[in-house]
Amino acid sequence: MREEEAFLYKLDHFDNMELLSATYIDQKFPMHCHDTFCIGILEEGSEIVSISNNDLIIPANSVIIINPEEAHANYALDDYGWKYKMMYINPDVLKFASSLIGKWTTQILFKEYSIQDEVAFNYVKSFFDGLEHKSSSEMEIQLRNLVSYLITNYSIKNLEISKNDRYTDRSEDVKFFLDEKFDTKLNLDDIADSMHTNKFKLIREFKKSTGLTPMAYVLHKRVQKSKQLIGKNIPLVQVALEAGFYDQSHFTKYFKSYVGVTPLSYVRSCNILQDFNKY
């Protein structure tokens with residue numbers, strides 16, 4: 001029987017872009033989102049990605065693309081699990097790479113979550129394969145080629161999305177409130193009272209707008225904060241408290257659930273930038 005393993009890698013010369021190479025069997029990522037583009041490949045097995053009110057079955061040899069702030073959950077289709085490689089690319093890095101190929105745009109979104117494209121698949125695989133022996137300039141060329149290909153073939157053209165198309169006014173207010181208070185003790189009744197509504201309506205409206213419940217959004221913010229603190233070499237016990245987690249076990253449980261590796265493995269990826277680290 002195969003075992004789960006995950007390797008996390010950070011590229012400091014690409015704005016600390018994170019790369020994950022993993023084989024998962026029992027790992028289940030809850031409904032969550034990223035501040036980055038998620039661009040990766042599924043090498044073995046099949047994965048279910050729940051996104052936009054659909055459960056998509058992603059087969060092996062697929063390319064996966066998820067836009068920033070798009071709520072999704074993912075887990076294995078069966079007991080075999082799935083093996084994949086994922087790049088978490090800062091939107092500014094993607095925009096900069098697109099500008100180098102003469103395709104500058106202020107807004108980039110992709111229209112398909114799963115594509116069967118051998119060229120794109122090989123671009124991603126080649127990027128990972130070159131991590132340990134290629135220079136940063138060579139890696140930049142590879143990233144540029146990948147971005148050029150995906151934007152040319154799979155981005156939404158003539159994109160015009162206003163803020164109000166994505167979030168209702170109240171949801172924007174809730175987000176602002178949670179962004180300010182996520183590291184404090186929160187409960188739904190207090191949040192609802194501050195928004196002059198009831199908690200059931202609050203949950204319904206916020207989830208409709210963002211794809212997440214308010215408390216799932218709070219966990220997302222806490223995990224993001226903890227990653228920032230880890231990058232500053234702050235001890236994990238202190239990280240857990242400053243990010244708003246109740247204790248170390250609570251922190252480890254949710255960090256692993258959302259990121260796919262333990263906090264300790266993430267520490268190693270920050271300190272050893274030129275090697276993969278097994279958790």
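**Exercises on a predicted model**

In this predicted model, pLDDT (the predictor's confidence in each residue, from 0 to 100) stays under 50 over residues 162–166, a stretch with 7 contacts beyond four places in sequence, where contact means heavy atoms within 4.5 Å. Local features need pLDDT of at least 70 and side-chain atom pairs count only at pLDDT 80 or more, while totals for chains, interfaces and linings use all residues. Residues are numbered from 1 along each chain as its sequence is written, and side-chain values use heavy atoms, with hydrogens and water left out.

**Exercise 1.** Describe the lining of the largest cavity.

*Solution.* Begin with the term: on a 1 Å grid over the protein atoms alone, a cavity is a set of points where a 1.4 Å probe fits but cannot get out, and lining residues have an atom within 4 Å of a point. The largest cavity holds about 110 Å³ of space, the volume being that filled by probe spheres set on the points, which are joined across faces, edges and corners. Next, 14 residues line this cavity, and the closest to its centre are His72, Asn74, Tyr84, Met86 and Tyr88. Finally, β9 gives the most to this lining, with 3 residues; strands here are DSSP runs (E, at least two residues), numbered from the N terminus.

**Exercise 2.** Work out the strand order of the open sheet of 4 strands.

*Solution.* Two strands pair if DSSP finds at least two bridges between them. The order is β3-β8-β5-β6, with antiparallel pairing, and the edge strands, β3 and β6 (54–58), each pair on one side only. Lastly, β5 and β6 pair over 5 bridges, and isoleucine 51 stands opposite asparagine 54 in β6.

Methods:
On a 1 Å grid over the protein atoms alone, a cavity is a set of points where a 1.4 Å probe fits but cannot get out, and a pocket is an open set with protein on both sides within 12 Å along at least five of seven lines; lining residues have an atom within 4 Å of a point.
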